[in-house]
Amino acid sequence: MARGLTLDHLSFRLGVCRLAANTPVPDWAWQAQDFLTISRTPEELSITADEAVIPEGIPSQRGFCAFRVRGGTMGFGLVGLLASVLQPLAEGGVSVFTISTHDTDYILVRRDEADRTVHLLEGAGHHVVSAGPPGR
């Protein structure tokens, strides 16, 4: 299992939206400047984006921040990397929403859990660095 990872604590505010599976990707989503990921399955259209671009009335959970695993392209053969981050958070009672891209993993937590998340990650031997535009 991977230990001693560096994670960037991204300070921007994020929201997670759930729309009907047949909903076209809304124009507002493309206005996101800091973070945008769109997933469509037979059950839903899920959009995670800058909280500021999500219109009122859109079914969403707001108030998230993200931690990005640093290190460039991780490769699909790495075993235990995400588990080494998630295990201490689970043991500490922090609920997470994860997003994986081709290059890395993002762990979203409620903003009010950010300090505790840093404490738990560092207690597990990881290093957390503040990054991203402050106050968004």
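Is Asp 8 buried or exposed? Asp 8 is buried, at a relative accessible area of 4%, where buried means under 20% relative accessible area, exposed over 50% and partly exposed in between (1.4 Å probe, protein chains only).

The model is predicted: local features need pLDDT of at least 70, side-chain atom pairs count only at pLDDT 80 or more, and totals for chains, interfaces and linings use all residues. Residues are numbered from 1 along each chain as its sequence is written, and side-chain values use heavy atoms, with hydrogens and water left out.

The protein chain has 2 helices and 7 strands, in the order β-β-β-β-α-β-β-α-β along the sequence. Helices (H or I, at least four residues) and strands (E, at least two) are DSSP runs, numbered from the N terminus. Of the 136 residues of the protein chain, 40% count as buried. The accessible surface of the chain comes to about 7300 Å², with 52% belonging to carbon and sulfur atoms; areas come from the Shrake-Rupley method with a 1.4 Å probe, and for residues only the protein chains shown count as cover. Among contacts (heavy atoms within 4.5 Å) between residues at least 6 apart in sequence, 69% join residues at least 24 apart.

Asp 8 lies in strand 1 (residues 6-19). Its side chain makes a polar contact with the side chain of Arg 70 at 2.5 Å. A polar contact is a pair of N or O atoms within 3.5 Å; within protein, one must be able to donate a hydrogen and the other to accept it, and residues adjacent in sequence count only if both atoms are side-chain atoms. Leaving aside neighbours within four places in sequence, Asp 8 is also in contact with residues including Phe 67, Val 129 and Ala 131.

The structure holds 1 aromatic pair. Phe 35 and Tyr 106 form this edge-to-face pair, 5.1 Å centre to centre with 75° between the planes. Rings of Phe, Tyr and Trp (its six-membered ring) pair if their centres lie within 6.5 Å; planes under 30 degrees apart count as stacked, over 60 as edge-to-face and the rest as tilted. Phe 35 is in the loop between strand 1 and strand 2 (36-40), and Tyr 106 is in strand 6 (residues 105-110), 71 residues apart.

The structure holds 0 disulfides (pairs of cysteine sulfur atoms within 2.5 Å).

| Residue | Relative accessible area |
|---|---|
| Phe 35 | 9% |
| Tyr 106 | 13% |
| Cys 17 | 1% |
| Cys 65 | 1% |
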